[in-house]
Amino acid sequence: MNPKLPYVLLVGAAVIIFILSCMLLSRGRRSPSCESQPRIVEKTGSTSQSLVFADLTPEEMVQVVRYLQGNLGVQLVDASRAKPSDNCIASVDLQVPAKAEVLRFLDGGGARPPREALAVLYFGNQPDPNVTEYVVGPLPTPTYHRDVTVQKYRGKVPYHRRPMLGSEYEQVGAFLEKVAFAAAPTFLKEVFEYDSTNVAFQTTAPHGLRSGDRKSWFVVFQNVSGFFVHPVGLEVLVDHSSLDISQWAVSRVFYNGQYYRDMVQLESAYVQGRISVQKVRKAPRDGDFSSMKPRAPSAALFPLQYEPQGPRYSVRNNHILFQAWSFAFGMSVNTGLRLFDVRHKGERVAYEISVQEALSVYGSNCPGGMSTRYMDGSFGIGRYTSPLVRGVDCPYSATYIDTHSLCETLRPSKRKASLCIFEQNLGSPLRRHYSNLQSFYYGGLVNSALVIRSIATVGNHDYVWDFIFYQNGAIEGKVQATGYTSSSFLHGDGLRYGNRVWEHTLGTICTHFINYKVDLDVGGVKNSLVAHDMAFEMVRAPWSLEQQIERPRLTKKVLDTEDQAAFRLQSKMPRYIYFAANGKNKWGHQRGYRIQITSFAGDHVPEASSMERAISWARYQLAVTRRKEEEPTSTSIYNQNDPWTPTVAFADFINNETITNEDLVAWITTGFLHIPHSEDIPNTVTVGNSVGFLLRPYNYYDLDPSIYSHDGVFFTSEQDFTACEINPIACLPKTASCLPNFPPFTFDGFQNI
């Protein structure tokens, strides 16, 4: 054996030990977890006061139900099992206290307003069936209730106006299967291979053509994933107006362009060979072309964002703090996400910002499509708020909040992770300048904003609702539309009403209109509405009188009345329109907040339409009215099923009252037209389908408040811009070198459906 071999082996072993030691030491020096970094939150404002706006707790909902069961003197059936002829609780939600009471509590040291609930009840089991609304309080232990229906609506709410319960949909489905379809067994079996499980129904609304109707077209689809784009050509009009289910009947049937008296006549015509049949290829359970399953395998991971020093915002109960911002949030069963007591730098700029309604008007040459005008608040924008998928619906590291509701049941339900809050680096500067003239410097500020988001899935549509808070004092309200497109069976002149998106599928044209309530309080409750714009004036050049100059000049107008402040959708609106305070800034200008709208809306429906008054808020891109407690919302959940005699008609809010130095509300309408196209298959993307508004400081401050942001960057040509104390961005390799510690992925969206 070579005598040097042991030495060679020893040296080799030493080298290996050294390398392993270096590797272990380097692992020991790995970057810390971001969770170990300190949380940076600027504490401003009170969090306990915001509870005056807090949603009802599950315990409070239970107490309200218990009280109603024991104090109304009637039997209340669980709405999930109720027949139209039963009494039941449709919903229980927070009764928001009157603004004057709340402001006395928040600003004047007054007593906390009593906490109350608003309960909506259907009374079908009595001589005069109706819908009644009760205010129940005080919570958490109720001792009183009062009927507020007549006070709110100037009369009782007729029973036919009630929104359909889930149980009524189930009862109509059972009627179709056991009664209607039983009359056409041959047609259904041979044309659709019908087996009672392979079809799905989508209803239309409003339910009829005149006040008092409760007749609904039920459109038949293949029961597969994404069934909304799998129409089969059959639609059935069901008269379910009677409170006795046994009296329900088929009023009309439509198949492949032809109308029939009922299913019996359809069956007879088919058996006799008098029907033009269009057989639709049977789709697999995953829907084939409508499946949202990715067509490509996963590859490199998409970019993620994280917070190297922890969240810079805080959430406590229903109160959020972010830099100079603070506000309370809540979730209405009917209208969804809403904000209260919005403050910047400690000063209230808005008392309430809330969604009011989402309207869709459809066109088609099929009866279901052509008669549909969905008012989603009637179905429940808040009720159908979806559980959010971490990393897709919101950033993975966002804060996720559970919400609770009591709707069509006697027990509250929890919607896990149905609201998210996150700070988002928008990847662009909020402001910047690179100076290469006279002096040489760079100054900029990253555009990082706080987002509070919910997503509502109402039928085929998914609406992404955002409120965004910027460092310069601006607030954005934004909605993005996605989900499945609406469709009809393609036949005849169908291409007049949309585009063909699959073999037998017509993507039907529809309009989307969104209405918001914005109760701005700029420098106090009393405001005026002021319009600024620009006009050209022709002047002689003072230094050369023979020449003319077209000079832009500022135009100013105070809008004194509600009529002057109601801007129709197609009318020209001043480009700068703002709520003006009584106080002035350092430069002598009235402090203000400007309303800037992003919208592509056309006409909602012709104003001569018999149902137009029910959606008359959609006449206006902006309408500013005096704030009144008796005008809390621009519409009503009862307008959907009786738009011909609307329970609330927004047009009545505008009656030429003076709006100078008053408590004012802005009603903002945004919208867009959707003509479905092949790229809407499998479903619609959010890109290009986003509208909303901005609330921007306008002479509210003496200078841009974002100059005080800790995120600012500034350095000159003479400074060492690689030094941390000069340029914090240069320190990112050190300050942001932590490793994100993402929580495990969970999703509870399929529980308790």
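Colleague: Which helices and strands do the buried residues of helix 7 pack against?

Modeller: In this predicted model, the buried residues of helix 7, which spans residues 263-271, are Met 263, Leu 266, Glu 267, Ala 269 and Tyr 270. Seen down the helix axis, these residues fall within an arc of 165 degrees, so they line one face of the helix. They pack against helix 5 (166-180), helix 6 (185-192), strand 8 (231-239), strand 9 (249-255) and strand 10 (258-260).

Colleague: Which residue caps the N-terminal end of helix 7?

Modeller: At the other end, helix 7 is followed by Gly 273, whose phi is positive, near 75 degrees. At the N-terminal end, a side-chain oxygen lies 3.1 Å from the backbone nitrogen of Val 264, and the capping residue that supplies this oxygen is Asp 262.

Colleague: Is Phe 340 buried or exposed?

Modeller: Phe 340 is found in strand 14, residues 336-344. Leaving aside neighbours within four places in sequence, Phe 340 is in contact with Phe 53, Val 96, Phe 327, Ala 328, Tyr 351 and Glu 352. Since buried means under 20% relative accessible area, the value of 1% for Phe 340 makes this residue buried.

Colleague: Which residues make the nonpolar surface patch of about 490 Å²?

Modeller: One of them, Phe 742, is placed in the segment after helix 10 (732-735), and at 31% relative accessibility Phe 742 counts as partly exposed. The patch is made by Leu 301, Phe 302, Leu 304, Tyr 306 and Phe 742.

Methods
Residues numbered from 1 in each chain as written. Predicted model: local features only at pLDDT ≥ 70, side-chain atom pairs only at ≥ 80, totals over all residues. Heavy atoms only, no water. Buried < 20%, exposed > 50% of the residue type's maximum accessible area, 1.4 Å probe, protein only. Helix = DSSP H or I, 4+ residues; strand = E, 2+ residues; numbered from the N terminus. Arc of directions from axis to C-beta. Contact = heavy atoms within 4.5 Å. Polar contact = N/O pair within 3.5 Å; in protein donor to acceptor, adjacent residues only side chain to side chain. Patch = residues over 30% accessible without salt bridge, like charges linked within 9 Å, V, L, I, M, F, W, Y side chains within 5 Å. Areas by Shrake-Rupley, 256 points an atom, 1.4 Å probe, with all protein chains shown as cover. Salt bridge = Lys/Arg side-chain N within 4 Å of Asp/Glu carboxyl O.
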